[in-house]
Amino acid sequence: MKPIILTRTENMPREDWLLWRKRGIGGSDAAAVCGVSKWRGPLTVYMEKKGLLERSEPGESAYWGTTLEDVVAKEFSKRTGLRIRKRNAMFRHPRYPWMLANVDREMVGANVGLECKTTSAYQAEQWKDDELPDDYYLQIQHYIEVMGWGACWIAVLIGGQRFLCKKVERNNALIAQIVEKEREFWEEHVLKDVPPPIGFADNAAEIWPEDTDAEMVPADEIAEQLAVELEIARQQKKEV
């Protein structure tokens, strides 16, 4: 099945693009919704989708990631000999309306995508052999499902001086789990206005920056709760 074009994104202002993102779950939300992201949790994503928390302006790493996307894409094509193209659109899954995708590139003449990344040299260990960060693996499987691809390449520039590219095959078992997690998040929380529990990756200070009247909880209780949530997250990551 082919994806539905929700809107064209070429020359779209960032503010408008962020508004469109609130209509569903994007690839960069997948790991957070599934509870395996180190940077964001389900509650953070929920508040963003409900307009209760705006995503912060892109930092230096995000800026250079966007700026160098074309460089990474061209290098990928040069090294592999594969022809690629931009799609300049936001896509929606034909069956699951909450699943959205803004993809970097797509192969010409093949049902395969390309995701372009940049990262620091400190993250090089996560890319050794056939490895890649969990966040990116779930993001790619999300895109594969929305776009109906059989696979998706990921190309990364590490530390500005090391280039790698890897082909990620479709993982139907994992995709089924992602779809169910995202369905539950969207239908049971976003549509019903029921916030999910705060996760270990949710930043409470960002979510409730002025909540000075919040009930104080003893530190040992907080530590115990975090330990439980961390163990649950570890088990979820192991299953994924």
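Where is Asp 129 found? Asp 129 sits in the loop between β6 (112-119) and α6. I start there for its backbone. Asp 129 has a positive phi of about 50°, although it is not a glycine. Is Asp 129 buried or exposed? At 67% relative accessibility, Asp 129 counts as exposed.

Before going on, a word on what we are looking at. This is a predicted model. The mean pLDDT of the chain is 87. Of its residues, 83% reach 70 or more. Over residues 211-220, pLDDT stays under 50. For that stretch the model has one contact beyond four places in sequence.

Now the overall picture. The chain has 240 residues, and 40% of them count as buried. Its secondary structure comes to nine helices and eight strands. How about contacts along the chain? Take those with a separation of 6 or more: residues 24 or more positions apart account for 72% of them.

Asp 193 is another residue other than glycine with a positive value, near 55°. Asp 193 lies in the loop between α7 and α8 (204-207). Asp 193 is partly exposed, with a relative accessible area of 48%.

Which residue follows α3 with a positive phi? That is Gly 51, with phi near 75°. Helix α3 itself covers residues 42-49. How many of its residues are buried? Eight of its eight. Let me read them out: Pro 42, Leu 43, Thr 44, Val 45, Tyr 46, Met 47, Glu 48 and Lys 49. Note that Glu 48 and Lys 49 are on that buried list.

Next, a pair of helices. Look at α6, residues 134-147, and α7, residues 172-190. Their axes come within 10 Å and cross at roughly 90°. So α6 is roughly perpendicular to α7. Which residues make the contact? From α6 we have Tyr 137, Leu 138, Gln 141, His 142, Ile 144 and Glu 145. From α7 we have Leu 174, Ile 175, Ile 178, Val 179 and Glu 182.

Glu 169 is in strand β8, residues 162-169. Not counting residues up to four places away in sequence, Glu 169 touches Gln 141, Ile 144, Gly 150 and Ala 151. Glu 169 and Ile 140 are 29 residues apart along the chain. Their C-alpha atoms are separated by 9.4 Å. Buried, exposed or partly exposed? At 47% relative accessibility, Glu 169 counts as partly exposed.

Where is His 93? In the loop between β3 (89-92) and β4 (100-101). His 93 counts as buried, at 3% relative accessibility. Leaving out residues up to four places away in sequence, His 93 touches Ile 4, Met 99, Glu 145 and Val 146. Take Val 146. Val 146 and His 93 are 53 residues apart along the chain, yet their C-alpha atoms are separated by 4.6 Å.

Now to the start of the chain. Thr 7 has its place in strand β1, residues 4-8. Thr 7 is buried, with a relative accessible area of 14%. What does Thr 7 contact, beyond its neighbours within four places in sequence? Met 12, Trp 20, Ala 89 and Met 90.

Cys 152 is in no disulfide either, and its nearest cysteine sulfur is that of Cys 116. Are these two buried or exposed? Cys 116 counts as buried, at 7% relative accessibility. Cys 152 is buried as well, at 1%.

To close, keep one caution in mind. Residues 211-220 have pLDDT under 50. Thanks, and over to the group.

How values were computed
Residues numbered from 1 in each chain as written. Predicted model: local features only at pLDDT ≥ 70, side-chain atom pairs only at ≥ 80, totals over all residues. Heavy atoms only, no water. Buried < 20%, exposed > 50% of the residue type's maximum accessible area, 1.4 Å probe, protein only. Disulfide = S-S within 2.5 Å. pLDDT = per-residue confidence, 0-100. Contact = heavy atoms within 4.5 Å. Helix = DSSP H or I, 4+ residues; strand = E, 2+ residues; numbered from the N terminus. Axes fitted to C-alpha atoms, helices over the stretch in contact; angles between N-to-C directions. Parallel < 35°, antiparallel > 145°, perpendicular 65-115°, else oblique.
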